[in-house]
Amino acid sequence: MAHEVDVLLHEKRIFDPDDETIERAHVDNWEAELKKGKDLEKYWAEKAEQFEWFQKWDKVLDDTNKPFYKWFVNGKINLAYNAVDRWIETPKRNQVAILYANERGDERKITYYELYRQVNKFANGLKNLGVKKGDRVSMYLPMCPELLISMLACTKIGAIHSVVYSGLSVGAFVERMNDARAKILITADGTFRRGKIIDLKKISDEALLQCHTVETVIVVNHTGNPIEISDLSGREIFYDRFIEGESDEFEAEEMDAEDPLFILYTSGSTGKPKGVLHTTAGYMVGIATTLRDIFDIHDDDLWWCTGDIGWITGHSYVIYAPLLNGTTTLVYEGAPDYPDPGAWWHMVERYGVTKFYTAPTAIRHLMRFGEKYPNIYNLSSLKILGTVGEPINPEAWMWYYKNVGKEKLPIMDTWWQTETGMHLISPLPTTPLKPGSVTKPIPGVEAEVVDEKGNSVPLGKGGFLVIKTPWPAMFRTLYEDEERFINVYWKDYPGFYKAGDMARKDKDGYLWIQGRSDDVLKIAGHRIGTSEVESAFVSHPAVAEAAVIGKSDPVKGQVIKAFLILKEGYQLKTQLIEDLKRHIRYELGPVAVLGELDQVESLPKTRSGKIMRRVLRAREAGEEVGDTSTLEE
Ligand code: WT7
């Protein structure tokens, strides 16, 4: 349901790129590059040339069966080969590929050659277990090198990985594992979080009681947290033992351009999480190009994307795109404010990070501690900054620009989604910037703001964001649910992709994203569906019915506000509140941040029984409720 967030387009400041940025940039003329992108097939074909193909494509784009687009038709390629093996014969062989660091100050440096060996050993191990092309393998791991290694090993074999974010808990985990019917699970003894160790093995043990497709569990000894490997299950093995004695050579599987690469679950408006399916060649070309051109990657870069690998940001821009570009990717396990709010700036100084990519919620959080922390550290290695995940308010943009960028560095505000796989709307380093605007679609992409009927809205007016052109890293379907794929994304505006966001365009053609247009919440940049939270609530014995909306929060963007109808005899008192909080945490994990809980007698519903969250939202905001003709009572 659409709800308009009224943001006036009053931001007048414009920041032009400095000479140094322009001089260094791979793409030194933004406008010219946008023109080049008009010839879609030629543009992407040129970008695809950089890779080693087993067999070149016959056609760049096949759009004869919309919305089932195909890219690089009949091309044969392997992503892991291009991300790792390709560099072994070059001077990058001994360059650090993965720089792992954590909040305790530990570090591990893995060169391209070492990564190559580790991936091959793991791939051989998987092969010995009978894992083959098309099989699903799940990971429930912290930000650790073994996560990257196991994902790359799947990619090398052609197995489809399905990573479950380690901040999700039992209920969410079970749902994702069972939908993908994963054969293998890779997990760890724990993850470091603010001086504590969270026992991931325990969560996965509980979840696995409800997942019957898993044949083998591989456990990474990551934290040294003593764990019990159950004697009974007989299906568990430690990671180190698993790869022991395996050969460090493995021939990459020849994958078709359109073969599935991974499934990643994300929340929608209704029902279960959606298994977003990405395929091989288009995804590679899209993410490698956007990282290189938007963050202007050169050989001497040290790239740091703070996003978790359990989300699309990490899949595309912590692992695959940096390695496809042969750069060094910093994988950091830790919070921005632990042991103190200078933790991230300390990392930038310590390693000389050159490109830094994070989320608005982290910036807003760090802003609260003042200007002191970024000023303690030497941040002069930085060249380009970025943000992703939710709209960035101009105040946070300016704080970032001033304190981290020292009023010199461009900020790439990149709009994209789990479904898009790659950045779609973003400046390039040479784009004049306006604080809070994602600027324009990248070269090769066209976007528009439309009304309910699909007509363009006048400049400055809010509307629905659609993408008008296909792009190479687009998801190809929802796993085993083509009907939902069509209904959710392609039905309302035939020929256009419906993004699910509200946006405005200003007189310069710059886009301003205003948030989701559907019942998806954005909590600290993480996507969570109201219906998922509601079903978690009603699975508690005290709750009869639940309705959930987003409540705005100065740091997290949104938190959960729940309206609950309790069963006979229950009152929403301290103990029940605590119990409900625990329950939601158990079912969904720490991503589901509860703001307020209200006990109510009834919920606004349509005659067909659908909860009208729009009414709750309006009431909460103290606004007119609007059209209630469909309201039952
Ligand atoms: C939703 C997608 C893509 C990586 C992380 C999120 C919001 C994303 C921006 C931005 C304003 C943004 C949108 C979008 N979003 N980037 N730069 N400005 N909003 O992926 O979990 O699939 O969420 O995040 O609402 O639809 P995701």
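Biologist: Hi! Which helix and strands each supply at least two residues of the shell around the ligand?
Modeller: Hello! Helix H11 (312-324) does, and so do strand E20 (411-414) and strand E25 (511-516). Keep in mind that this is a predicted model.

Biologist: Thanks. How many residues surround the ligand, and which are the closest?
Modeller: There are 18 residues around the ligand, and the closest are Asp413, Thr414, Thr418, Arg516 and Arg527.

Biologist: And how do the shell residues divide into nonpolar, polar and charged?
Modeller: Seven of the shell residues are nonpolar, five are polar and six are charged.

Biologist: What does Arg527 do there, in terms of distance to an oxygen atom of the ligand?
Modeller: A polar side-chain atom of Arg527 sits 2.7 Å from an oxygen atom of the ligand. Gln417 also has a polar side-chain atom 2.9 Å from a ligand oxygen. With Pro391 the backbone is involved: one of its N or O atoms lies 3.4 Å from a nitrogen atom of the ligand.

Biologist: How much of the ligand's accessible area does the protein cover?
Modeller: On its own the ligand has 560 Å² of accessible area, and the protein covers 96% of that.

Biologist: New topic, the sheet. In what order do the eight strands come?
Modeller: The order is E12-E11-E8-E6-E7-E14-E15-E23, in an open sheet with mixed pairing. Strand E12 (236-238) and strand E23 (477-478) each have a single partner strand, so one side of each has no neighbour in the sheet.

Biologist: How do E7 and E14 run, and how many bridges join them?
Modeller: Strand E7 (residues 160-163) and strand E14 (residues 260-266) run parallel, joined by two bridges. For His161, the bridge partner in E14 is Phe262.

Biologist: What about the phi of Arg194?
Modeller: Arg194 is not a glycine, yet its phi is positive, about 50°. Look for Arg194 in the loop between strand E9 (191-193) and strand E10 (196-198).

Biologist: Last one: what pLDDT does the chain average, and where does pLDDT stay under 50?
Modeller: The chain averages 95, and 97% of the residues score at least 70. Over residues 1-8, pLDDT stays under 50, and the model has 18 contacts beyond four places in sequence for them.

Methods:
Residues numbered from 1 in each chain as written. Predicted model: local features only at pLDDT ≥ 70, side-chain atom pairs only at ≥ 80, totals over all residues. Heavy atoms only, no water. Pairing = 2+ DSSP bridges. Helix = DSSP H or I, 4+ residues; strand = E, 2+ residues; numbered from the N terminus. Near = heavy atom within 4 Å. Polar contact = N/O pair within 3.5 Å; in protein donor to acceptor, adjacent residues only side chain to side chain. Areas by Shrake-Rupley, 256 points an atom, 1.4 Å probe, with all protein chains shown as cover. Nonpolar A, V, L, I, M, F, W, Y, C, P; charged D, E, K, R; others polar. pLDDT = per-residue confidence, 0-100. Contact = heavy atoms within 4.5 Å.
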